[in-house]
Amino acid sequence: MKQNVHGKSLTEWQAEFPLLKNIMDLHPVFWTNGKQLPMKEVPPLPVTREDIIEADKRWKRFAPFFEKAFPETKAAKGLIESPLRHIPHMKKRLKDYYNEPFQGNLYLKCDNELPVAGSIKARGGVYEVLKHAEDLAIANGLLKKDDNYEIFTDPAFTSFFSQYSIGVGSTGNLALSIGTISAKLGFNVNVHMSGDAKQWKKELLRSKGVNVYEYNGDFSEAITEGRKQTLEDPNGYFIDDEHSKDLFLGYSVAALRLKEQLLGQGVKVDRDHPLFVYLPCGVGGSPGGIAFGLKQIFGDYVYCIFVEPTHSPSVLIGLMTGEEDKVSVQDFGIDNRTEADGLAVGRPSSFASEISRHLISGIFTIEDDDLYKLLAILADSEGIRVEPSAAAGLMGPAKLAGASFIKKHRLDDKMGKSAHIAWSTGGNLVPEGGMDRFYQKGKGLLR
Ligand SMILES: *Cc1c(COP(=O)(O)O)cnc(C)c1O
């Protein structure tokens, strides 16, 4: 732990931000974002609503490619999307177990089922690679935007892309998404994995022809080294989870799709029907991108709440102190060790933090044991299996009910008509044995 962070002692930091003591002691906390603004008062952001629409169009141009290259996307006509499921049994079980009753319907946004990458990274990571591939193909006279993008499966295309390399630093899931799509398009792809990345992810990537580099250190080390090595290659392109606008926009498109799904299921979002969305958070890109999209669509009627492990509260510390990417959890003596590998990030994304600053309603932290308990309760009550990171949002409604948030926002009389969405972020590619271990661990903790 540093004695001094940006010229202030830890005692001074704690005096300025009283919640910090609890955060440093690794207690679960709920933080309400005092800087959240009504949408009409939010200063101009580096991304716009039009950017989301452009990104959606790009996904649609690539749909014929996906249908051909990833036949599992055929049913959805080449779109990478996941179902929204009503989970009333889970709501009841949550109420019984955590003894914190809450009002409103509970839904699960099942990004654990996303094709191609089996996690929410299928949105951001895949999108940025598509954009890069499209840019290269157009710049080299191989493609026009109104062509049928099935041609991306042509040997002429894959051999063209083999002159180029793509690099990424990851705790695991981003590497899975970037590695899978890049290898399919023909790129030379190098992934730099942090010490907490799971062995099966490395093996799966190697089986697809991806070069996997392993580091003992955490995500920040993998990303720094990956960035350096990739940029030494003049034909190299680095996908930068700490700064990328394209990753962010890939995620944001989820909001347009969710809007359709809510309409389809008759879920209203308006002044009398607030929507609460609980988003597991690592570097802040996926929850930030989705929150940004949702705020563009539902404005002040949607409340976006991030969830981080008690051992990795990087976005929480960044936003609460206002220092954003200038501080890490390690600066405050927190070890960034969590079983939730997708959330094991010690320093937040600068790009995403700037956007989330005025848009999100709050952040809460959760202990690893609760992630396991929640995934076991979800499996028993709804028959849905997810990885630990992906279960984090399920704690949201109970947390919210226990905090002063609802009163502060004068929502008491509206909660009966509210909807809660826990965003489930990963799980489908976890090997069977691994999933069983997660479940057994959760069952053991519940006993
Ligand atoms: C990456 C990831 C997240 C969080 O996304 P960030 O962009 O890092 O904030 C959440 N859940 C899972 C399973 C992930 O892989």
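A close look

Guide: Cys-304 has 0% relative accessibility and therefore counts as buried, a word that means under 20% relative accessible area, with exposed meaning over 50% and partly exposed in between, for a 1.4 Å probe and protein chains only. The model is predicted, so local features need pLDDT of at least 70 and side-chain atom pairs count only at pLDDT 80 or more, while totals for chains, interfaces and linings use all residues. Residues are numbered from 1 along each chain as its sequence is written, and side-chain values use heavy atoms, leaving out hydrogens and water.

The cysteine sulfur closest to that of Cys-304 belongs to Cys-281 and lies 12 Å away, too far for a bond, since a disulfide requires two cysteine sulfur atoms within 2.5 Å. By this rule the count is zero disulfides, and Cys-281 is accordingly in none. Cys-281, also at 0% relative accessibility, counts as buried.

Turning to the helices, H5 (residues 88-98) and H16 (residues 368-382) pack at about 135°, with their axes 9 Å apart. That angle makes H5 oblique to H16, because angles under 35 degrees count as roughly parallel, over 145 as roughly antiparallel, 65 to 115 as roughly perpendicular and the rest as oblique. Where they meet, with contact meaning heavy atoms within 4.5 Å, the residues of H5 include Arg-93 and Tyr-97, and those of H16 include Lys-373 and Ile-377. By class, this contact has eight nonpolar, two polar and five charged residues.

How values were computed
Axes are lines fitted to C-alpha atoms, for helices over the stretch in contact, and angles run from 0 to 180 degrees between N-to-C directions. Helices (H or I, at least four residues) and strands (E, at least two) are DSSP runs, numbered from the N terminus. Ala, Val, Leu, Ile, Met, Phe, Trp, Tyr, Cys and Pro count as nonpolar, Asp, Glu, Lys and Arg as charged, and the others, Gly among them, as polar.
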